[in-house]
Amino acid sequence: QVQLVESGGGLVQAGGSLRLSCAASGPTFSRRAMGWFRQAPGKEREFVAVVGVISWSEVNTYYADSVKGRFTISRDNAKNTVYLQMNSLKPEDTAVYYCAARPGAGLSGALNEYAYWGQGTQVTVSS
């Protein structure tokens with residue numbers, strides 16, 4: 001069983017930055033791919049970024065086209081935490097952001113590949 005708790009959301013002006021954190025508890029964090037998804041009002045939940053596991057000190061990443069060059073996902077296995085650094089924020093980034101854990105170590109942007117989800121944290125970007 002995995003428990004995920006997001007933090008770091010808030011209100012920011014367009015062009016600003018936020019860093020989201022996701023603290024994980026439970027077994028085998030260091031062996032799981034960890035993803036970030038978001039859901040805007042009236043829209044379906046969508047993929048944002050994922051960080052996989054190659055070894056204890058080596059990871060791979062993949063991003064949605066809409067956030068490439070602006071967002072950076074990272075993980076600290078010693079702290080059981082995954083981060084999402086968000087720069088150059090736009091109003092269209094406004095959404096509830098969810099952390100998710102995949103049973104396997106490989107990259108995936110598919111919602112149904114993730115078995116565990118956090119409660120979400122609100123990010124609002126004003127123009």
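Analyst: **From the chain start to the side-chain contacts**

Gln1 sits in the segment before strand E1. This is a predicted model, and every value below is computed from it. Gln1 counts as exposed because its relative accessibility is 64%, where the cut-off for exposed is over 50%. Between Gln1 and Asn77 there are 76 residues in sequence, while their C-alpha atoms are 17 Å apart in space.

Four strands make up an open sheet in the order E1-E3-E8-E7, and their pairing is antiparallel. E1 (3-7) and E7 (71-76) are the edge strands; each has a single partner strand, so one side of each has no neighbour in the sheet. From one strand to the next, the twist averages 15 degrees. Strand E1 runs antiparallel to strand E3 (residues 18-25), and 5 bridges join the two. Gln3 has Ser25, in E3, as its bridge partner. In general, strands of a sheet pair through backbone hydrogen bonds, in a parallel or an antiparallel way.

The structure holds 1 disulfide. It is formed by Cys22 and Cys99, whose sulfur atoms are 2.1 Å apart. Cys22 is in strand E3 and Cys99 is in strand E9, so this pair ties together parts of the chain 77 residues apart in sequence. The torsion about the S-S bond of Cys22 and Cys99 is about -80 degrees, which means that the disulfide is left-handed. Both Cys22 and Cys99 are buried. A disulfide, as a rule, is a covalent bond between the sulfur atoms of two cysteines.

The charged contacts come next. There are 5 salt bridges by the rule used, which asks for a side-chain nitrogen of Lys or Arg within 4 Å of a carboxyl oxygen of Asp or Glu. In one of them Arg38 pairs with Asp93, with 2.9 Å between the closest N and O atoms. Arg38 belongs to strand E4 (residues 34-39), whereas Asp93 is in the loop between strand E8 (81-86) and strand E9 (95-101); the pair links distant parts of the chain, 55 residues apart. Both Arg38 and Asp93 are buried.

Arg70 lies in the loop between strand E6 (61-63) and E7, while Asp93 is in the loop between E8 and E9, so the two are 23 residues apart. With a relative accessible area of 0%, Asp93 is buried. Arg70 is buried too, at 10%. Side chains of opposite charge can, in general, pair when their charged atoms come close.

A further salt bridge joins Glu113 and Arg102, at 3.2 Å from N to O. Glu113 and Arg102 are both in the loop between E9 and strand E10 (116-117), and they are 11 residues apart. Glu113 is partly exposed, because its relative accessible area is 35%. Arg102, at 17%, is buried, because this value falls under the 20% cut-off. Salt bridges with shared partners connect Arg38, Glu46, Arg70 and Asp93 into one network.

The rings remain. The structure holds 5 aromatic pairs. One of them is Phe37 with Tyr114, an edge-to-face pair with 5.1 Å from centre to centre and 80 degrees between the planes. Phe37 is in strand E4 and Tyr114 is in the loop between E9 and E10, so the pair ties together parts 77 residues apart in sequence. Phe37 is buried, with a relative accessible area of 0%. Tyr114 counts as buried at 5% relative accessibility. Both rings belong to one aromatic cluster, made up of Phe37, Phe47, Tyr62, Tyr114 and Trp117.

Arg45 is placed over two rings. It lies over the face of Tyr98 at 3.7 Å from the ring centre, and over the face of Trp117 at 5.1 Å from the ring centre. Trp117 is also part of the aromatic cluster that holds Phe37 and Tyr114.

Notes
Residues are numbered from 1 along each chain as its sequence is written. This is a predicted model: local features need pLDDT of at least 70, side-chain atom pairs count only at pLDDT 80 or more; totals for chains, interfaces and linings use all residues. Side-chain values use heavy atoms; hydrogens and water are left out. Two strands pair if DSSP finds at least two bridges between them. Axes are lines fitted to C-alpha atoms, for helices over the stretch in contact, and angles run from 0 to 180 degrees between N-to-C directions. Buried means under 20% relative accessible area, exposed over 50%, partly exposed in between (1.4 Å probe, protein chains only). A disulfide is a pair of cysteine sulfur atoms within 2.5 Å. Rings of Phe, Tyr and Trp (its six-membered ring) pair if their centres lie within 6.5 Å; planes under 30 degrees apart count as stacked, over 60 as edge-to-face and the rest as tilted. A charge sits over a ring if NZ of Lys or CZ of Arg is within 6 Å of the ring centre and within 35 degrees of the ring normal.
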